[in-house]
Protein chains: 4
Amino acid sequence: MMSRSQGETADREFPLAELLSPDAYPLAGRSAGGQKTLIELKGASLGDGGFTLIAGPCAVESYEQYSETAHLIIKHGLKLMRGGAFKPRTSPYSFDGLRQEGLDIIARVKKETSVLSVTELMSTEDIGAVVPVADIVQVGSRNMQNFPLLRAVGGIGKPVLLKRGFGNTLRELLMAAEYIMKAGNPQVILCERGIRTFDSSQRNTLDVMAVPILQSTTHLPVILDPSHSVGTPRFIPAAIRAALAVGADGVIVEIHPHPEEALSDGAQSLSPDEFSAMMNDIGALARALDRRLS
Amino acid sequence: MMSRSQGETADREFPLAELLSPDAYPLAGRSAGGQKTLIELKGASLGDGGFTLIAGPCAVESYEQYSETAHLIIKHGLKLMRGGAFKPRTSPYSFDGLRQEGLDIIARVKKETSVLSVTELMSTEDIGAVVPVADIVQVGSRNMQNFPLLRAVGGIGKPVLLKRGFGNTLRELLMAAEYIMKAGNPQVILCERGIRTFDSSQRNTLDVMAVPILQSTTHLPVILDPSHSVGTPRFIPAAIRAALAVGADGVIVEIHPHPEEALSDGAQSLSPDEFSAMMNDIGALARALDRRLS
Amino acid sequence: MMSRSQGETADREFPLAELLSPDAYPLAGRSAGGQKTLIELKGASLGDGGFTLIAGPCAVESYEQYSETAHLIIKHGLKLMRGGAFKPRTSPYSFDGLRQEGLDIIARVKKETSVLSVTELMSTEDIGAVVPVADIVQVGSRNMQNFPLLRAVGGIGKPVLLKRGFGNTLRELLMAAEYIMKAGNPQVILCERGIRTFDSSQRNTLDVMAVPILQSTTHLPVILDPSHSVGTPRFIPAAIRAALAVGADGVIVEIHPHPEEALSDGAQSLSPDEFSAMMNDIGALARALDRRLS
Amino acid sequence: MMSRSQGETADREFPLAELLSPDAYPLAGRSAGGQKTLIELKGASLGDGGFTLIAGPCAVESYEQYSETAHLIIKHGLKLMRGGAFKPRTSPYSFDGLRQEGLDIIARVKKETSVLSVTELMSTEDIGAVVPVADIVQVGSRNMQNFPLLRAVGGIGKPVLLKRGFGNTLRELLMAAEYIMKAGNPQVILCERGIRTFDSSQRNTLDVMAVPILQSTTHLPVILDPSHSVGTPRFIPAAIRAALAVGADGVIVEIHPHPEEALSDGAQSLSPDEFSAMMNDIGALARALDRRLS
């Protein structure tokens with residue numbers, strides 16, 4: 001019998017050991033026996049062992065659209081609502097958000113209902129406008145390595161939802177969190193949303209295993225975005241079941257009261273009926289796993 | 001409100017519609033309302049709604065190693081045992097299997113125990129030696145587009161476990177199954193085992209969502225291989241939970257009685273203790289999902 | 001003989017036709033018979049049929065380092081000098097530039113020599129500091145889809161060197177140029193600098209063919225960055241020869257008077273001797289191709 | 001001034017040092033000061049410092065098509081002609097070659113003209129039929145890790161053209177060559193033909209830099225296949241210029257007397273006029289670089 005060193009395992013080196021090193025991330029790294037970071041909001045939380053759903057449209061399009069979606073979310077017992085007033089778009093000719101008008105709609109609907117807002121900040125110049133209406137400030141995939149923006153959200157005193165870039169490694173994601181934390185903000189939520197690969201059967205290949213790998217390395221909550229990865233409503237419930245099964249702290253999912261009229265991401269948004277069916281589906285699995293939905 | 005056509009969704013085109021076309025795969029394609037393919041063996045099955053675990057070492061290394069593993073598998077109520085006598089290796093200087101001696105060990109252990117054998121066929125020239133001892137014949141990742149081999153296993157009259165190439169699309173995987181079926185063998189099991197991406201936090205990025213996408217397109221059973229993708233025992237239980245959650249028909253996982261002595265893939269094989277812990281972990285989730293383990 | 005439609009070509013769809021559509025890029029798109037964009041500076045140009053070399057250190061590290069490099073560049077007949085005062089770094093604990101002190105060094109060396117400065121702008125907030133000392137303003141790979149920054153450099157009245165993101169398609173690069181042009185700045189230089197693939201024999205896989213594909217679609221100058229792609233001095237001359245051969249308008253290359261002391265990118269910077277050897281090597285090919293070096 | 005160890009270079013580790021290790025490839029590895037491998041045939045050669053063009057159709061389709069192409073090749077002073085009688089196809093319903101009839105056509109045209117044949121072997125079972133008519137035996141991309149086939153061509157006594165798999169690393173390519181050489185055949189030609197990436201502006205992303213990286217590691221000749229990578233005639237001349245500029249030993253390119261009637265790969269084959277234009281274009285560059293075309 002030969003010794004193990006004579007065996008050959010991998011076709012390629014993979015740096016898992018280094019990635020998981022306790023010393024690599026002074027602030028985001030998980031210390032042995034340490035506590036997980038808990039994000040607490042008025043009536044919602046992330047990282048407490050429950051499974052938190054953030055739902056809503058890609059973009060705020062009108063008061064009617066946003067308000068209708070808010071009531072849908074409340075009806076299903078959720079509190080956290082996504083919806084952007086500033087939208088990054090590949091083309092300068094695409095609809096890129098209602099900007100201040102969108103922020104005003106978010107503020108009005110928050111007053112009228114009990115929803116909390118998760119909305120994107122694209123530029124340090126918009127901090128004064130965006131942060132007051134946001135309960136969680138999102139840094140998008142394309143800005144994951146926008147280092148001035150990362151430093152800036154280090155000073156806002158509100159939780160930051162940091163999405164993994166579609167071309168970025170887990171180490172880079174953790175280092176981006178480290179930027180925010182080093183600048184003074186310990187409330188960071190990590191979000192895997194699909195990566196670019198040669199395969200085009202999904203819009204972006206959902207890296208489900210990023211969740212347990214990240215959780216073994218960091219004390220920060222980790223969620224999945226099935227909408228921007230899988231890219232079609234048909235397979236979104238399965239992606240959310242996977243998120244539950246691997247122990248994600250939650251998901252962020254796109255829903256729209258009328259997907260066929262959406263100004264962006266309509267093709268991947270769940271309709272109200274699809275949303276209801278998904279909530280039922282997930283509810284059963286969450287109970288089986290003893291995970292509270294919120 | 002603008003019409004949907006003014007919205008822009010995807011950064012890249014993705015051909016889901018074409019991939020899922022009912023006409024693209026005359027034999028492997030799922031017909032509306034059609035039955036799933038059921039693989040039935042003496043005391044084991046795949047595709048009947050249960051969750052089938054195939055476990056065993058990467059390679060048959062000795063009678064003692066293979067027999068000890070067989071007893072471990074039986075102890076946990078499993079029947080299907082993997083283990084290769086012919087091993088594809090990147091380097092011609094690596095251990096590449098015991099060949100005929102390995103097949104003899106498989107045959108002996110099958111007689112002594114009730115295990116069924118899943119073993120790899122690498123060449124049409126070995127059909128006469130390999131097929132008689134195999135209960136399921138494996139076509140490996142590097143041979144997924146070895147078309148003469150695909151045609152040849154179309155004539156063996158035994159189930160074929162077809163692994164997705166690490167650089168291949170789902171369409172190509174389905175077309176490879178089509179080759180086997182067109183040559184006369186309807187018993188094909190598809191296996192996702194990780195794809196190559198820029199990310200190296202896994203040995204190969206596990207494409208969990210391939211399972212529901214494939215299942216919506218084909219009536220063939222679909223399983224996951226967490227060992228060659230995730231590449232480290234620490235995250236294999238999470239990968240198997242994901243497989244269960246998205247509805248995979250099973251998994252194929254590497255275990256070794258003494259991983260530190262393995263001649264190949266030791267670093268990714270579960271030890272007996274890790275295997276037991278995983279079986280407990282999975283058992284609870286399977287019961288919650290009402291999926292029978294076998 | 002069957003008709004061509006019975007043949008099957010591609011394993012995957014590739015959207016070249018759409019990418020090259022004359023209508024897809026109203027401002028950056030190449031019109032039939034149209035002129036190429038010419039970037040003209042005091043004593044340097046890009047896009048006039050010559051082959052323009054931009055050389056210099058990754059970062060401005062000290063007056064001595066920057067000044068010494070400037071004299072090296074002048075000695076070889078070049079004018080355009082790279083060197084960042086603001087450096088994007090994966091880790092918040094890495095050296096990230098001398099900032100204002102670095103800009104002051106650039107300004108001083110420009111006065112003392114005839115070099116022109118290509119330097120990176122990372123944030124709209126630094127426009128007032130960076131733009132006055134820059135002759136060409138660089139937007140880095142990680143900011144290629146930082147849309148507020150793209151819009152901002154649309155108003156600076158100086159040429160912009162736009163680097164392709166390591167995870168971005170050519171369509172996205174062209175659309176990023178479109179953002180800058182739509183905001184009023186027609187002087188955009190596109191730069192391919194390597195993309196992320198499964199292969200790790202280069203730091204990033206240099207996509208040499210992006211040059212002719214882009215040039216067939218846009219009238220903007222296109223250059224290559226061999227340093228951030230190939231990642232090692234040994235193969236940089238070959239990459240520059242490839243750039244010349246496919247018709248690139250130039251290259252941007254990292255050199256350092258003392259690579260072993262560099263604060264960033266030392267491992268991929270050419271030493272003075274390597275730089276001289278490369279210039280000789282390239283000179284011969286340029287003459288053969290009747291391309292003027294500058 | 002900080003020491004170099006304080007600098008940070010790479011976003012990802014890349015194993016160039018290990019790849020280039022002189023000891024990693026006992027047979028294929030380049031020894032210091034060692035000779036390059038020279039492939040010599042009746043009237044053609046590879047690896048002697050010249051630039052060797054292999055041209056021809058994807059598949060042998062008829063005597064007329066193959067003979068017409070042979071005369072085209074001879075007219076341009078070339079000797080080596082590609083053309084497959086056995087074609088690997090993704091779908092079992094696609095045209096996959098004329099098989100024995102195709103081999104008979106190759107043999108007849110060889111007798112009638114002076115062309116030499118480069119043709120693909122897909123299975124060990126066809127060695128007896130294929131090898132006698134081949135001057136160079138091709139192992140295709142999908143068979144690069146078909147280890148029994150690699151071992152078999154180690155015994156044929158004729159040069160082997162080994163194409164890189166579209167999902168394979170350079171280390172794996174070199175190890176595949178090592179298989180052939182270890183089995184007794186030192187005459188191996190390596191061929192880069194594009195790899196799969198997230199980018200779809202080429203059929204497969206041409207990894208031009210693989211040429212100098214491979215050549216620094218191995219004494220074997222290295223050629224490029226622009227047809228299967230770039231995937232459209234429009235950019236093939238630029239790819240061949242790049243091959244010349246980086247020092248490739250040659251290229252293999254698809255041409256067809258009537259591309260619109262091709263049974264496979266018509267969309268990427270050069271027409272006779274495009275072929276003539278390319279030969280002129282390349283001839284000028286080859287003379288400038290003092291490389292003899294053949």
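Q: In this predicted model, which residue of E6(C) is the bridge partner of C:Thr119?
A: The partner of C:Thr119 in E6(C) is C:Val137.

Q: What makes E5(C) and E6(C) a pair of strands?
A: Strand E5 (residues 116–120) of chain C is joined to E6(C) by 3 bridges. Pairing requires at least two bridges, so these strands pair. The two run parallel.

Q: What makes E6(C) and E7(C) a pair as well?
A: Between E6(C) and strand E7 (residues 160–163) of chain C there are 3 bridges. At least two are needed, and therefore this is also a pair. These strands run parallel, and C:Gln138 has C:Leu161 of E7(C) as its bridge partner.

Q: Which residues cover the two faces of strand E6 (residues 136–139) of chain C?
A: One side holds C:Ile136 and C:Gln138, the other C:Val137 and C:Val139, and all of them are buried.

Q: Why is H9(A) called roughly parallel to H10(A)?
A: Helix H9 (residues 236–246) and helix H10 (residues 272–288) of chain A pack at an angle of about 20 degrees. Angles under 35 degrees count as roughly parallel, so H9(A) is roughly parallel to H10(A). Their axes are 10 Å apart, and the crossing is right-handed.

Q: What kinds of residue make the contact of H9(A) with H10(A)?
A: The contact includes A:Ile240 and A:Leu244 of H9(A) and A:Ile282 and A:Leu285 of H10(A). Its residues divide into 8 nonpolar, no polar and 2 charged.

Conventions:
Residues numbered from 1 in each chain as written. Chains lettered and ligands numbered in written order. Predicted model: local features only at pLDDT ≥ 70, side-chain atom pairs only at ≥ 80, totals over all residues. Axes fitted to C-alpha atoms, helices over the stretch in contact; angles between N-to-C directions. Helix = DSSP H or I, 4+ residues; strand = E, 2+ residues; numbered from the N terminus. Parallel < 35°, antiparallel > 145°, perpendicular 65-115°, else oblique. Left-handed = near helix turned anticlockwise from the far one by under 90°. Contact = placed C-beta atoms within 7 Å. Nonpolar A, V, L, I, M, F, W, Y, C, P; charged D, E, K, R; others polar. Buried ≥ 20, exposed ≤ 12 C-beta atoms within 10 Å, placed from the backbone.
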